[in-house]
Amino acid sequence: MRLEGSGSGRRNARRLRKEMTPPEIGLWLALRRNSEGLRFRKQHSAGDYILDFYCAPARLAIEVDGEAHARGDRPARDAVRDVWLVSQGVRVLRYPAKEVLTNLEGVVRQIIAIAIDRRDGRES
């Protein structure tokens with residue numbers, strides 16, 4: 001099953017690719033040159049949502065959460081989004097932006113390990 005976005009979602013994703021934050025840029029540069037040959041998409045449109053990063057063979061979404069994700073109705077909106085993604089067979093990994101900036105190597109190692117396990121059917 002392919003995970004696709006709406007027309008407005010695809011347009012929004014295109015715009016967001018040009019407006020990535022420093023933690024997102026750092027993670028993107030690390031993910032795109034991983035030694036396992038896994039392919040990641042940045043700002044991938046999925047339904048009504050935009051995923052920061054998506055690895056299709058592993059059905060894995062990676063979100064870099066800045067401080068805004070802890071304010072207002074954002075935690076509830078993120079929870080609804082995560083439930084929808086799980087219903088689509090997608091696992092969601094969330095990392096605080098600060099962790100991406102201070103522990104990029106560790107974050108990338110964990111993402112790659114989980115992606116390999118999911119791609120190879122060792123984790124659902």
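These legends walk through close-up views of aromatic pairs and nonpolar cores in a predicted model. Residues are numbered from 1 along each chain as its sequence is written. Local features need pLDDT of at least 70 and side-chain atom pairs pLDDT 80 or more, while totals for chains, interfaces and linings use all residues; side-chain values use heavy atoms, without hydrogens or water.

**View A. Trp-28 and Phe-53 form a stacked aromatic pair.** Their rings sit 6.2 Å centre to centre, with 10 degrees between the planes. Rings of Phe, Tyr and Trp (its six-membered ring) pair if their centres lie within 6.5 Å; planes under 30 degrees apart are stacked, over 60 edge-to-face, and the rest tilted. Trp-28 belongs to helix H2 (residues 22–32) and Phe-53 to strand E2 (residues 49–55), 25 residues apart. Helices (H or I, at least four residues) and strands (E, at least two) are DSSP runs, numbered from the N terminus.

**View B. Tyr-49 and Trp-84 make a tilted pair.** Here the centres are 5.6 Å apart and the planes 50 degrees. Tyr-49 lies in strand E2 and Trp-84 in helix H3 (residues 74–87), so the pair ties together parts 35 residues apart in sequence.

**View C. Leu-27 sits in the largest nonpolar core.** Such a core is a set of buried (under 20% relative accessible area, 1.4 Å probe, protein chains only) Ala, Val, Leu, Ile, Met, Phe, Trp, Tyr and Cys residues joined through side-chain atoms within 4.5 Å. Beyond its neighbours within four places in sequence, Leu-27 is in contact (heavy atoms within 4.5 Å) with residues including Phe-53, Ile-62 and Ile-111.

Note on methods:
Buried < 20%, exposed > 50% of the residue type's maximum accessible area, 1.4 Å probe, protein only.
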